[in-house]
Amino acid sequence: MEYSEKCELGFILVVAMGCWIVAPALPGQVGIGTLLLMLSALLLLQSLVRDLGLLARSARGSAASPRRVARGMCVESTVGATGIVIGAILLGSGMSQPVMMERWSWTVSVVVVTGIGLLIKDYVVEWGPWRIRRDKDHMNMVFRWKR
């Protein structure tokens, strides 16, 4: 496990403790669409913070590796964006069922989402040909929809 991954694990624990502390101020009942929007936004925020850290580290280091073109995108971004779209559809359609959220359920939700974000951070989904592959250096990839 790399140093940055250990730091991210520590960050997840700090966020979980923070969530436990502020959970009593969070709503006890929330719609599933709103919950999906919030958790997807958390996943995308985690990805953004990680990418900003990688950019800062690469700016200090030596020359970056050459850019590659690929038809696809990061799995973490794909999952987060899909959750945002589905949550917005549920919220906008009024089909959002209420979910009871207690202190522990807020904390577990945050830990599960950020933990999944840590696990899938190195994966890329590509189409044409369809595949999911591991690429630790997909920061230097330019994603395109067409060939």
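Ser 105 lies in helix α4, which spans residues 103–120. Helices (H or I, at least four residues) and strands (E, at least two) are DSSP runs, numbered from the N terminus. The model is a predicted one, in which local features need pLDDT of at least 70 and side-chain atom pairs count only at pLDDT 80 or more, while totals for chains, interfaces and linings use all residues. Residues are numbered from 1 along each chain as its sequence is written, and side-chain values use heavy atoms, with hydrogens and water left out.

Ser 105 counts as buried because its relative accessibility is 9%; buried means under 20% relative accessible area, exposed over 50%, and partly exposed in between (1.4 Å probe, protein chains only). The side chain of Ser 105 reaches the backbone nitrogen of Glu 102 at 2.6 Å.

The protein has 4 helices and 7 strands, in the order α-β-α-β-β-α-β-α-β-β-β from the N terminus. Of its 147 residues, 31% are buried. Contact means heavy atoms within 4.5 Å. Among contacts with a separation of 6 or more, 84% join residues 24 or more positions apart.

Helix α2 covers residues 32–60 and α3 residues 75–93. Two pairings of α2 are set out below. Axes are lines fitted to C-alpha atoms, for helices over the stretch in contact, and angles run from 0 to 180 degrees between N-to-C directions.

| Pair | Axis distance | Angle |
|---|---|---|
| α2 and α3 | within 8 Å | roughly 155° |
| α2 and α4 | 10 Å | about 45° |

The crossing angle of α2 and α3 makes α2 roughly antiparallel to α3, whereas α2 and α4 are oblique to each other. Angles under 35 degrees count as roughly parallel, over 145 as roughly antiparallel, 65 to 115 as roughly perpendicular and the rest as oblique. α2 and α3 cross in a left-handed sense, and the crossing of α2 and α4 is right-handed. A crossing is left-handed if the near helix is turned anticlockwise from the far one by less than a right angle, and right-handed if clockwise.

The α2 side of the contact with α3 includes Leu 36, Leu 37 and Leu 44, and the α3 side includes Val 79, Ile 84 and Leu 91. The residues of this contact of α2 with α3 are 13 nonpolar, 9 polar and 2 charged. Ala, Val, Leu, Ile, Met, Phe, Trp, Tyr, Cys and Pro count as nonpolar, Asp, Glu, Lys and Arg as charged, and the others, Gly among them, as polar.

Toward α4, the residues of α2 include Leu 35, Met 38 and Leu 42, which belong to a contact whose α4 residues include Trp 106, Val 110 and Val 113. The contact of α2 with α4 has 9 nonpolar, 4 polar and 1 charged residues.

Methods: Polar contact = N/O pair within 3.5 Å; in protein donor to acceptor, adjacent residues only side chain to side chain.
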